[in-house]
2 protein chains.
Amino acid sequence: MIALPAPFTALTHSHDLHLLQPGQDDVAAWSIDQRKRWHGQPLAVLLPGDTAALAAAVALCAQHGLRMVVQGGNTGLVGGGVPDGSGQEVVISLRRMNRIRAVDPLNLCLIAEAGCTLAQVQEAAQAHGLLFPLSLASEGSCTIGGNLASNAGGTQVLRYGNARDLCLGLEAVSASGQVLHGLKTLRKDNSGYDLRQLLLGSEGTLAIISAASLKLFARPQRLHTALALCSDLDQACDLLMAARSRLGPLLTAFEVMNATARALVRRHFPAIRQPLDGPWAVLLEWEQHGMDDATGQAQNEALWQALLAGGQAQDVALAQSQAQAQQMWALRESISAAQGREGLNVKHDIALPISAIPAFCQGTDAALLARWPGVRGVNFGHLGDGNLHYNVQAPEGEDPAAFLATHEAAINRVVFDAVQAAGGTFSAEHGIGWLKKDELAQRGQPLQLDWMRRIKAALDPHNLLGRGRLLDV
Amino acid sequence: MIALPAPFTALTHSHDLHLLQPGQDDVAAWSIDQRKRWHGQPLAVLLPGDTAALAAAVALCAQHGLRMVVQGGNTGLVGGGVPDGSGQEVVISLRRMNRIRAVDPLNLCLIAEAGCTLAQVQEAAQAHGLLFPLSLASEGSCTIGGNLASNAGGTQVLRYGNARDLCLGLEAVSASGQVLHGLKTLRKDNSGYDLRQLLLGSEGTLAIISAASLKLFARPQRLHTALALCSDLDQACDLLMAARSRLGPLLTAFEVMNATARALVRRHFPAIRQPLDGPWAVLLEWEQHGMDDATGQAQNEALWQALLAGGQAQDVALAQSQAQAQQMWALRESISAAQGREGLNVKHDIALPISAIPAFCQGTDAALLARWPGVRGVNFGHLGDGNLHYNVQAPEGEDPAAFLATHEAAINRVVFDAVQAAGGTFSAEHGIGWLKKDELAQRGQPLQLDWMRRIKAALDPHNLLGRGRLLDV
């Protein structure tokens with residue numbers, strides 16, 4: 001085991017830098033991810049308070065050949081922010097870099113440091129009557145730097161895009177400790193390769209995002225929420241087509257939930273009202289803009305009359321109040337927790353072309369049931385984005401943990417083979433990290449992987465940032 | 001002067017590849033850009049008909065160490081697609097690769113080969129009742145491959161983003177002739193570095209885009225167009241804020257034109273109706289979605305009543321017919337032609353934070369007038385995107401060509417220095433190419449340029465693609 005070089009202590013005197021060391025300090029919070037799936041052991045934890053301290057810390061790590069792993073809110077689902085067990089990786093936590101540096105309402109943007117929580121960014125926008133639309137279950141603790149480094153998705157992608165689409169510029173620190181000053185706030189800028197887009201989604205393996213300029217939006221006047229019932233996924237797709245055609249950019253959410261998913265919520269959260277019952281439920285929401293409330297209400301009723309008359313849904317419940325809308329969202333958002341109470345399950349974060357989804361589900365459901373009779377498909381997600389959480393729960397009565405341990409790899413193979421055949425991805429919004437790097441190595445194209453390795457070597461030639469995550473280099 | 005190696009002729013027999021050679025064939029159309037600003041001389045012109053032929057041609061060029069320059073519709077404004085004068089560059093024209101490979105209305109996407117004209121892509125979308133929103137003056141002849149390689153902007157960026165934002169996936173050929181198969185059609189995909197975004201806007205210097213999957217959108221039910229008058233740019237910015245707040249994503253165009261720009265149109269195109277006169281005109285357009293036409297009409301009138309009552313505009317003319325809307329757009333789109341008839345001028349394609357624009361214009365107008373008395377600022381553009389065509393015309397009566405030849409460099413320096421000080425860019429939507437590579441070399445950050453060179457060397461190690469364009473390597 002190597003020891004931390006002495007100059008790091010000196011750096012805490014000259015810069016706004018905190019240093020934690022195992023043995024002297026409790027580093028558990030930085031060694032294990034929030035869901036306790038990965039357990040590591042850092043050489044040290046560095047907590048810079050500003051970009052200068054971050055750059056100096058990285059430069060010193062680089063001089064000493066120390067590997068670094070960047071951590072934000074530690075809420076990632078693929079282990080990318082946790083140190084390995086070698087005791088040789090320095091964790092660089094950006095949580096202390098959490099200032100909103102500027103808000104510019106006329107230019108519809110703000111500049112946030114990487115350690116700001118997503119909720120903090122949302123609140124800074126709201127304080128100016130504006131919207132930062134990225135929205136995730138972990139928004140109270142995840143950081144915007146992590147959201148950008150992993151290109152987070154969430155529930156508003158249909159209308160506002162992924163984290164990648166919400167970023168106008170980046171400040172970042174290179175693997176050798178130099179600062180890239182790219183906090184532009186421009187809607188158009190064609191002056192060279194888009195280094196910003198290269199860093200977004202690179203999971204901390206190319207450089208460390210220290211701050212970002214982010215797009216803001218006008219807040220909707222109000223939301224119209226409805227829970228509709230469809231007889232199958234084909235009808236849900238018809239409903240999506242018809243709703244998009246009528247609502248255009250006003251359509252903000254189109255979530256689907258199969259009967260199994262809703263039955264688990266009924267079992268474990270009986271207080272959540274489920275106004276309709278049937279094979280597939282759709283949570284549809286649209287934003288009102290450019291019209292007064294009475295007009296919005298009338299247009300919403302006309303919309304659903306037309307959709308029902310057109311055979312695009314079997315039935316619908318319209319939220320008549322914010323409380324009713326919240327109940328509809330509670331149903332959607334309780335599925336994961338209900339699954340957790342039911343026991344461990346095989347989770348998949350896949351995306352497909354929307355047009356391939358009905359056949360994919362029919363074929364894959366059948367293939368899984370044929371091989372594992374009684375297995376329960378908990379299928380829900382963002383149909384409007386083609387992103388399904390296609391989860392597989394053990395048959396009723398079987399021990400979930402034993403089932404998972406025995407069958408997870410084989411189930412993954414069935415699902416991912418079908419996803420790949422349909423032109424989809426095995427990682428829609430959670431990234432690669434440790435969890436899926438073998439999957440990427442196996443399913444990625446050789447030329448794609450070759451280019452990724454070349455780019456990694458070009459920007460981090462000593463392979464010090466997030467070594468072994470994402471890419472097997 | 002080198003000669004074309006013999007194997008190229010053999011390749012035209014084994015592959016769908018046309019070969020043109022100076023001396024034997026007329027290659028003028030591939031040697032000079034459409035605006036006749038750059039004149040070059042190719043070693044040969046290769047016209048592949050499919051990706052296999054393209055890959056084979058590139059591989060052969062690479063084997064022989066031949067430099068390649070990719071050309072689409074040859075409408076670029078910075079010279080990136082024209083061969084140099086050495087007679088040693090092979091032009092690879094993608095015009096024959098012009099098939100729409102697929103349209104998927106449910107997944108809202110289509111796949112087009114790089115040589116499709118932009119108009120052809122728009123028409124393919126329209127044939128399915130959908131919209132491909134990229135829109136440029138040269139759409140009849142520019143190609144989608146060129147649009148993507150240069151990250152084209154245009155008049156719909158406020159609502160739909162740049163070309164970069166409209167692309168879901170790319171097929172591309174590497175500098176050594178390998179094919180990257182990346183024609184995904186997914187809204188969410190976090191499986192590795194985003195190579196697509198790196199190639200978009202790289203102007204043919206990293207790889208050759210051979211096909212793309214593109215986002216489609218629901219067509220608006222109708223457009224509401226208005227021409228408003230503002231007393232100054234501050235009021236125009238107020239109007240933008242108020243319109244965005246009320247219309248949200250329905251706002252599709254917010255164009256400004258100063259009095260000098262409109263006076264040139266009046267002089268050279270007197271038939272174009274100009275219903276209002278005053279310091280600044282704003283062309284505002286919004287899309288109707290989710291409401292019937294009578295409601296849309298009523299909401300438009302209510303919008304403008306509120307904007308006038310709120311002091312956000314002095315006066316407004318609402319288009320009552322499509323013909324009237326077209327007249328308003330004709331005014332906006334005739335400014336460049338009117339400038340051309342008035343004589344040569346110094347053109348700038350700049351973008352700034354919107355909030356910086358009033359002070360930038362006031363300060364730079366004054367600086368230019370102080371140094372060049374009588375000089376005329378023709379200022380117009382996409383205020384909603386912060387993108388101005390801030391052009392400088394010789395004083396009345398002076399010879400425009402002589403003025404340009406004498407003062408262009410000094411005027412550029414005044415303008416670009418002010419742009420840079422305000423956090424803007426000297427190239428908003430036209431790219432770098434030959435024209436602005438010195439500007440980029442001077443104004444780019446050293447670390448940014450270093451990373452760009454490293455990435456260029458990683459993906460094109462022998463520097464065969466577009467050598468000397470964009471980057472001075």
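A:Asn463 is found in the segment after α16 (446-459) of chain A, and in this predicted model that residue has a phi near 50°, a positive value in a residue other than glycine.

**Overall build of chain A**

- Chain A is made up of 473 residues, of which 62% are buried, and its secondary structure comprises 16 helices and 19 strands.
- Because the radius of gyration of chain A, 23 Å, is close to the 23 Å that the globule rule gives for 473 residues, the chain is as compact as a globular protein of that length.
- Taken along the principal axes, the box filled by the C-alpha atoms of chain A is roughly 70 × 55 × 45 Å.
- When contacts in chain A between residues at least 6 apart in sequence are considered, 72% of them join residues at least 24 apart.

**Surface and charge of chain A**

- The charged side chains of chain A number 37 positive and 43 negative, with the centres of the two sets lying 3 Å apart.

**Salt bridges in chain A**

- A salt bridge joins the side chains of A:Arg96 and A:Asp16, with a distance of 2.7 Å from N to O.
- Because A:Arg96 lies in the loop between β4 (89-93) and β5 (100-104) of chain A, while A:Asp16 lies in the loop between α1 (7-14) and β1 (17-20), this pair ties together parts that are 80 residues apart in sequence.
- Both partners count as partly exposed, A:Arg96 having a relative accessibility of 26% and A:Asp16 one of 33%.

- B:Arg469 is buried, as is B:Glu89.
- Another salt bridge in chain B is formed by B:Asp194 and B:Arg196, whose closest N and O atoms are 2.6 Å apart.
- Of this pair, B:Asp194 is buried, with a relative accessible area of 8%.
- In chain A, salt bridges that share partners join A:Arg67, A:Asp84, A:Glu89 and A:Arg469 into one network.

**Residues with a positive phi**

- A:Asn463, the residue named at the outset, has a relative accessible area of 14%; it counts as buried because that value is under 20%.
- B:Glu203 is not a glycine either, yet its phi is positive, at about 55°.
- The position of B:Glu203 is in the loop between α7 (195-199) and β10 (208-215) of chain B.
- With a relative accessible area of 15%, B:Glu203 is likewise buried.

Note on methods
Residues numbered from 1 in each chain as written. Chains lettered and ligands numbered in written order. Heavy atoms only, no water. Salt bridge = Lys/Arg side-chain N within 4 Å of Asp/Glu carboxyl O. Helix = DSSP H or I, 4+ residues; strand = E, 2+ residues; numbered from the N terminus. Buried < 20%, exposed > 50% of the residue type's maximum accessible area, 1.4 Å probe, protein only. Rg over C-alpha atoms; globule rule 2.2 N^0.38 Å. Contact = heavy atoms within 4.5 Å. Lys, Arg positive; Asp, Glu negative; His and termini not counted. Charge placed at Lys NZ, Arg CZ, Asp CG, Glu CD.
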